[in-house]
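This report describes a ligand site and a few individual residues. The sequence and the model come first, and the text follows.

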Amino acid sequence: MNRTNSLYIVLIFSFITALGFSLYFYNHVQEYDEKITDMKAFESPLPKYHIVLIGEEKDHDYWRLVGEGAKEAEVIYDTFVEYEGPKRSNPEEQQKLLDMAIQSNVDGIIVQALNENFKVLINEAVNKGIPVVTIDTDAPDSMRETYIGTDNYLAGQLAGEALLEDTSGEVNVGVVTGSFQNKHHQLRVEGFKDVIKKEDRVNVVAIEESNILRVESEDKAYQLLNDHKNITAFYGTSSYDGIGIVAAAKSLDRLEDLYVIGFDTLDENIELLKNEELNVVIGQQPFQMGYNSIGIILDIIKGKTVEDIYYTEVSILRKSDLTASNNKGGTDD
Ligand code: BGC
């Protein structure tokens, strides 16, 4: 073989190899392109609306149910629900979260309006064109579009009526309330007092606040039992107050002679009710509040007229009312 032939052979070989590589890469690119087209076809578009829901405490058993309700509705309404709240109950932090939602120009805000300071921010949001719905605790004199949640005054009245029905003779009540400052707790106490004042035999002897913490409820109930030996009943107005009251009464060996009303159908409260350690639980509908709030705020965004208030059901539970279906920690409706 002469030099020219060898050169031809090398050139032909190089050409075939280059052609092979080109074909190989061409096929690869084609396959990749097809995959991207397929992925794009299946990729779901971003949800149309961004709604922020801000509660009192993000990881609280009660607020988790509100968040779960909203998340369940998210799927149905082409919406992204950003569920937010402070780590520990802290109204100032909650207001910061509200302010951030306003600055982010979200499509709608659902917020628990704990006190008067929320009003300014709610009005700012609405003036900016962001609809606001209050949940759990209302700010009726703000520019919020509607309120979804318990009629807190009625809840207090129901607690008072249960106590009048279930007791006889002189009753001295110690109250442990979630907060002196927050509107819904004030209403729960007011409703209760307005009902029990119908009978002279029943009186509130003292009231303390728990900051919605179970340890603080226990401390305050302990203190009340020591300072007021005549206490024969307790009324706790936030989710963990009943738990704290029972713990304090147990440690002082006083539970037997006490009549105790707690709030919210959380698993632990239902357990205490079953064991007859709580006599009554006032049931709210946190899951329903969260679920309903999404449909309603979307109606508002779409320009539909909504009512001024949507009260969710509030109920009185005694041990005799417990069945398998209403024992799910508040998710029933
Ligand atoms: C109230 C909530 C509160 C929770 C805390 C519930 O009864 O409705 O506003 O955050 O208790 O324990």
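How do the residues of the shell around the ligand divide into nonpolar, polar and charged? Three are nonpolar, six polar and four charged; here Ala, Val, Leu, Ile, Met, Phe, Trp, Tyr, Cys and Pro count as nonpolar, Asp, Glu, Lys and Arg as charged, and the others, Gly among them, as polar.

The model is predicted: local features need pLDDT of at least 70 and side-chain atom pairs count only at pLDDT 80 or more, while totals for chains, interfaces and linings use all residues. Residues are numbered from 1 along each chain as its sequence is written, and side-chain values use heavy atoms, with hydrogens and water left out.

**Ligand site**

Of the 13 residues around the ligand, E56, W63, D136, H184 and D264 come nearest; a residue counts as near if one of its heavy atoms lies within 4 Å. Helices α2 (61-76) and α6 (183-196) each supply at least two residues of this shell. Helices (H or I, at least four residues) and strands (E, at least two) are DSSP runs, numbered from the N terminus.

| Side chain | Distance to a ligand oxygen |
|---|---|
| H60 | 3.1 Å |
| Q112 | 3.0 Å |
| D136 | 2.6 Å |

The protein covers 100% of the 310 Å² of accessible area that the ligand has on its own, by the Shrake-Rupley method with a 1.4 Å probe.

**The loop between β4 and β5**

D136 is placed in the loop between β4 and β5. D136 counts as buried because its relative accessibility is 2%; buried means under 20% relative accessible area, exposed over 50%, and partly exposed in between (1.4 Å probe, protein chains only). Its phi is near 70°, a positive value in a residue other than glycine. Most residues other than glycine have a negative phi.

S142 is found in the loop between β4 (132-135) and β5 (146-149) and, at 11% relative accessibility, is buried. The S142 side chain reaches the backbone oxygen of A139 at 2.7 Å and the backbone nitrogen of R144 at 3.2 Å.

N211 lies in the loop between β7 (202-209) and α7, has a positive phi near 55°, and is partly exposed at 32% relative accessible area. Y222 belongs to helix α7 (residues 214-227) and is partly exposed at 37% relative accessibility.

Conventions: Polar contact = N/O pair within 3.5 Å; in protein donor to acceptor, adjacent residues only side chain to side chain.
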